[in-house]
Amino acid sequence: DNDSLNTVHVLFEWEQLSNAVSYQIQVAENDSTDFQTPAADLIDSTLLIIIDEGFLWGTTYAWRMRSVNSVGDFGEWSETKIFHIKPLPPIIVSLDVSIYDSLSYEDGITIMDRLGEGIIYAIDMHGDPVWFVHSNIDWSNGFSYLMQFTHFLPNGNFIGIAEGRENNLPSRAFEMGIDNTLIWEGPGNLELFGVHHDVFPMPNGNVLAITIQDTLLPIPDEIDVPEEYSYIDSVSWQGDRIVEWDRNGDEIWSWSVFDHFDMQDFVPESYESMFTPPNNPTDFFYEWTHSNAVWYDIVDNVIYLSVRNLSRITKIDYLTGNVVWNMGKSMPSGDVTVGNDLGLSGQHSVKVLDNRNIMVYDNGYESDSLASKGLEISVINSDSIPEAEVIWDYILPDGLGSPLMSDCDRLSDGNSLLTS
């Protein structure tokens with residue numbers, strides 16, 4: 001009653017009435033006369049129902065219900081209650097959608113981010129917005145952040161990244177309810193930019209996140225430094241730490257690329273691009289790894305890390321922190337021993353499927369035609385080097401590839417969802 005909602009999929013719930021076998025529920029715009037033109041009028045035998053059709057953004061509604069007994073007689077109408085659906089932020093619009101086979105579409109909603117706007121929203125099958133949350137919420141430090149979605153939790157809330165760079169703050173993890181209520185704030189006193197790209201829910205309720213870390217290192221011998229920058233002998237390498245926090249914000253586990261990757265493994269062309277005039281030497285840093293996805297697998301007690309700038313997926317033993325294997329592009333160290341022939345290039349969104357295979361979005365940004373694709377990879381363990389085999393792929397049509405942000409998911413009906 002008198003709720004203000006951020007969704008047009010509305011949950012109604014009521015208490016059991018004696019002698020009732022079902023209930024009639026009516027919903028109408030608040031200025032409607034005695035429910036003569038209801039937005040919804042239906043009979044249901046449960047005590048709660050989600051009505052996902054007929055409601056408009058920025059509209060106030062009245063609703064009522066009454067019982068129906070075993071012979072079809074109606075009881076008295078309940079007290080009429082009011083609720084309001086908030087206006088949709090103007091920046092959220094319906095998307096153009098092509099439906100090729102509506103019967104094969106998995107029913108549900110798709111979560112989207114308005115990056116740089118701090119708005120998370122959901123669309124239905126037709127591309128119409130059905131839910132949103134915004135970043136106009138109060139944080140304990142008094143500052144503001146821009147929200148980004150990563151994962152839903154079993155309790156119905158979701159976690160994500162609170163982007164702080166707009167206020168020169170490190171980004172942090174958070175948990176939020178679907179009603180736009182901030183539930184939990186991750187640590188805010190983090191190094192450099194803080195959390196980036198992914199926050200993952202651990203089975204024990206902790207959260208796993210990718211964070212920034214840097215180290216000042218000598219310029220590699222093979223780098224040809226232009227004469228105007230010859231006085232520079234060291235540059236900051238920017239890498240990644242995986243951090244696990246409990247809900248008190250205490251760090252209980254961490255893993256760093258600087259401890260487990262060989263410094264021989266880097267991309268000289270990217271390194272040398274720093275020295276292109278008129279770049280300012282005070283701004284120099286080498287973005288070494290740029291990891292973009294992390295996934296914990298409870299079955300094997302391992303973590304998978306997608307390392308974009310090295311075109312590498314790393315499997316990490318959670319107990320020891322040791323690298324089990326590296327998959328992807330061959331590097332000078334010889335540490336990448338799995339899937340050298342897969343052609344991974346700037347991949348995103350690594351995850352473990354129910355069938356124990358790995359799914360990943362391969363951006364293919366090093367290919368001439370930007371051949372982005374979704375991949376399902378089987379890794380067969382052996383006594384020596386594991387063997388990786390692509391057992392499913394979908395190459396996106398020309399013009400739909402993405403060198404940067406992208407995602408892939410395997411849906412419960414077996415369909416695959418690729419976001420480019």
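Which residues form one aromatic cluster? In this predicted model, the members are Y229, W237, W255, F258, F261, F266, Y271, F275, F284, Y286 and W288.

The structure holds 32 aromatic pairs. In one of them, Y229 and F275, the ring centres lie 6.0 Å apart and the planes meet at 50°, so the pair is tilted. Y229 belongs to the loop between strand 16 and strand 17, and F275 to the loop between helix 2 and strand 19. The pair therefore ties together parts that are 46 residues apart in sequence. Y229 is buried, at 6% relative accessible area. F275 is buried too, at 2%. The rings of W237 and W288 have centres 5.3 Å apart and planes at 70°, so this pair is edge-to-face. W237 sits in strand 17, whereas W288 sits in the loop between strand 19 and strand 20. These parts are 51 residues apart in sequence. W237 is buried at 2% relative accessibility, and W288 at 0%.

The largest nonpolar core has 52 residues. Y271 and M327 touch the most other members. Strand 21 supplies the largest share of this core, five residues. Another core, of 34 residues, lies apart from it and includes F12, I137, Y145 and A162. Beyond its sequence neighbours up to four places away, M327 touches residues including I313, V336, L342 and I377.

Q347 lies in the loop between strand 24 and strand 25. Its relative accessible area is 0%, so Q347 counts as buried. Among the residues it touches are N292, R308, Y361 and D362.

Two arginines sit over rings. R165 lies over the face of F193, 5.0 Å from the ring centre. The charged end of R410 is placed over the ring of W392, 5.1 Å from its centre.

How values were computed:
Residues are numbered from 1 along each chain as its sequence is written. This is a predicted model: local features need pLDDT of at least 70, side-chain atom pairs count only at pLDDT 80 or more; totals for chains, interfaces and linings use all residues. Side-chain values use heavy atoms; hydrogens and water are left out. A nonpolar core is a set of buried Ala, Val, Leu, Ile, Met, Phe, Trp, Tyr and Cys residues joined through side-chain atoms within 4.5 Å. Buried means under 20% relative accessible area, exposed over 50%, partly exposed in between (1.4 Å probe, protein chains only). Helices (H or I, at least four residues) and strands (E, at least two) are DSSP runs, numbered from the N terminus. Contact means heavy atoms within 4.5 Å. Rings of Phe, Tyr and Trp (its six-membered ring) pair if their centres lie within 6.5 Å; planes under 30 degrees apart count as stacked, over 60 as edge-to-face and the rest as tilted. A charge sits over a ring if NZ of Lys or CZ of Arg is within 6 Å of the ring centre and within 35 degrees of the ring normal.
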